[in-house]
Structure formats: structure tokens, C-alpha cells
Amino acid sequence: MFHHGKLNRQHAVIYFVSMVILMVVLPYLSIKLFPALVKDLPETSTYDGEIPDTVRIYLTKEDKYETIAFEDYIEGVVASEMPASFEYEALKAQAVASRTYALGRILAGTEICDSVHCQVYRSDNIDEKVSKAVEETCGQVLLYKGKLAAHALYFASSAGPTENSQDVFSGTYAYLVSVDSSYEPGATHKKEKTTMTISDFSKAIKKAFPEKNFGTIKKSNIKIKSRSEGGRAATVKVGKETITGSDIRTALNLYSTRFEISFSGNTKITITTAGSGHGVGMSQYGANGLAKKGKTYKKILSHYYRGTSVSTGESK
């Protein structure tokens, strides 16, 4: 009886050691000795949602609704939102981002239009290269932890790091964080200057925010107070008030919140901007730059939308 118990304990020890080797030691050695086995894991995950066959969009100029094939809509969006001259992998990245964003609006029950309020859509400017990019990514969307990354935002150019979503918009999304975007060859909107009198600046700001008490706005009380992690103007002192860089951008119709403020004497103010757009998500010129470096559309997307993967949806 005692001998039998001893054997059982020995068997238990042998079993435990064997399991440790199988579950811990061997996987560890596999990663260390054969890193390619991990690095080359597929980037496409399973998505159990559905992609609609059609979408109802509001055509602003015609003031009417139209129902079209969903993938045809994505073709028109990609053709309108990104130049067809961009690298093929950048166009594929745009297709996945646009499809994800559109699907997010549909699932939220939000109306889809053909303007910048949603995504620009036109059906008369679709290049064959764009059509192929959309076709090759047909049904593919971005996922974050198995769920649709519905806020797959994008913009033209960053001229530096991108922004954390909470620094620009009200929502915080783990996949929309500040990342490097220093590779933007050919990007437009560099060091564009907006010059006006301080009096005109004051009028524009007060008109945009009539509820605020700015008092007398002059050179001595106009100053950038803080910057975001991405380097854009976060808060700006104007007169007696402090407003956001986005407020300044909106009031003065600037390309970006990545700006500097300078003065000429006591009467003129110049705001110099770099980049174009809100700065959250994927920089389109950055995507093109990464594609030129040989990055695939999946690598481009995983760079700008951190922690996401690309998945293929199913048509209804």
C-alpha cells in the first residue's frame, strides 16, 4: 500500500514535469530559436459580423437618397478620399479603413451621406487601380480585440506624430493613439501662413464663441499654453479666456492644429500651420510613405490603428 502510494506520487511528479516542458519550455524555445514562426503568424482574424450588400446614402447636391451596392460605395469613397496616384498598398489600406468606418456608422444607425460630414463619395471618378484595391480587400474590416474598430478615422497629413483620440475628440479609443508619422513624401500643406490684423483675429474669435468673455484681445494675451502628445496646440490663451487649438482651427478655418503663432509689430498676427486634418488615426500621406517603403496594407493599418487586425466580413 505504501509502495503503491509512492509510485503514484512519482507518476504525478513525472506528469507535472512533462506538462511544464510541453506548455512552457518548448513554446519558449520555439520563440527564441525560430522567431519567424511568431513573426509570420497570419494578420487576418475571424470576424463573425456581416457586411451589408447595399447601403443607403444621402446625396447632398441632389437632395435625395440612393441605395447602391456597399462595395461600389467603398470604391467611390476611396476614389474621392485618396489620390489614385498613391501607392497600391496605401489604396488598399484606405479601402479597409473606409469600409470599417462606414460599417461603424451603419451599425450605429447613423445616416451616411456623400460629403466630408461622413466620407466623400463620388461615382464618376473611379480609377481601375482603385477598383482593384477595393476588390482585393472586399469585405475586410478592422478589428480591435475581436470587435469592429468602428472609429477608423483618417486624415490627409500629420507633419509629425498623430494624435490620441481623447486629445481631439470626446472619446478615448485604445487603437487611436499617437504614433510616429514622419514618412510623408510629397505631402501638401507645409508651413502655410495665415496673416491678419489682431483686430480681425479678435473679431473672428469672438464671432465663433459669442458666449465667452474674451475682453480686449491683444498681442500680449495671445499665447499657446500647452501642446498635445502629438505636438499640436492643445490650449491657447486668448484675451481673458483659454480655448482649444481645435477652437482656433475652426474659427480661422486653418488646415491643422499643428501651428505656431508669431507677430509683426503690435498689430499683425501670423499663424503658421503644418499638416492637414484632425490628426487622429491614419495619415493618408503617411500610409503612402509606408507603402513606398515596402509595407503591406496590413502593416500600414496596424501601425496607425494600434492593436488592430484585419478581418474578412461576410456578405448578407
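Buried means under 20% relative accessible area, exposed means over 50%, and partly exposed is in between (1.4 Å probe, protein chains only). The model is predicted, with local features needing pLDDT of at least 70 and side-chain atom pairs counting only at pLDDT 80 or more, while totals for chains, interfaces and linings use all residues. Residues are numbered from 1 along each chain as its sequence is written, and side-chain values use heavy atoms, leaving out hydrogens and water.

**View 1. Helix α9 and the chain as a whole.** Helix α9 spans residues 297-304 and is mostly covered, with six of its eight residues buried. These are Tyr297, Lys298, Ile300, Leu301, His303 and Tyr304. The chain holds nine helices and 15 strands; helices (H or I, at least four residues) and strands (E, at least two) are DSSP runs numbered from the N terminus. Of the 316 residues in the chain, 44% are buried. Among contacts (heavy atoms within 4.5 Å) with a separation of 6 or more, 67% are between residues 24 or more positions apart.

**View 2. Packing of α3 on α4.** Two packed helices are described by the angle between their axes and the distance between the axes. The axes of α3 (residues 70-81) and α4 (residues 88-107) come within 9 Å and cross at roughly 125°. That angle makes α3 oblique to α4. Axes are lines fitted to C-alpha atoms, for helices over the stretch in contact, and angles run from 0 to 180 degrees between N-to-C directions. Angles under 35 degrees count as roughly parallel, over 145 as roughly antiparallel, 65 to 115 as roughly perpendicular, and the rest as oblique. The crossing of α3 and α4 is right-handed; a crossing is right-handed if the near helix is turned clockwise from the far one by less than a right angle, and left-handed if anticlockwise. On the α3 side the contact involves Phe70, Glu71, Tyr73, Ile74, Val77, Val78 and Glu81, which meet Leu91, Gln94, Ala95, Ser98, Arg99, Ala102, Leu103 and Ile106 of α4. By class, the residues of this contact are 10 nonpolar, two polar and three charged. Ala, Val, Leu, Ile, Met, Phe, Trp, Tyr, Cys and Pro count as nonpolar, Asp, Glu, Lys and Arg as charged, and the others, Gly among them, as polar.

**View 3. Packing of α4 on α5.** The axes of α4 and α5 are 8 Å apart, at an angle of about 60°. This makes α4 oblique to α5. The crossing is right-handed. Tyr88, Leu91, Lys92, Ala95 and Arg99 of α4 meet Lys129, Val130, Lys132, Ala133, Val134 and Glu136 of α5. The contact has six nonpolar, no polar and five charged residues.

**View 4. Surroundings of Arg122.** Arg122 lies in the loop between β4 (112-113) and α5 (128-136). Its relative accessibility is 42%, so Arg122 counts as partly exposed. Apart from neighbours within four places in sequence, Arg122 is in contact with Gly76 and Ser80. The C-alpha atoms of Arg122 and Ser80 are separated by 6.2 Å, although the two residues are 42 residues apart along the chain. The Arg122 side chain also makes a polar contact with the side chain of Asp124 (2.9 Å). A polar contact is a pair of N or O atoms within 3.5 Å; within protein, one must be able to donate a hydrogen and the other to accept it, and residues adjacent in sequence count only if both atoms are side-chain atoms.

**View 5. Positive phi at Lys145.** Lys145, a residue other than glycine, has a positive phi near 55°. Lys145 sits in the loop between β5 (140-144) and β6 (147-148), and is exposed at 72% relative accessible area.
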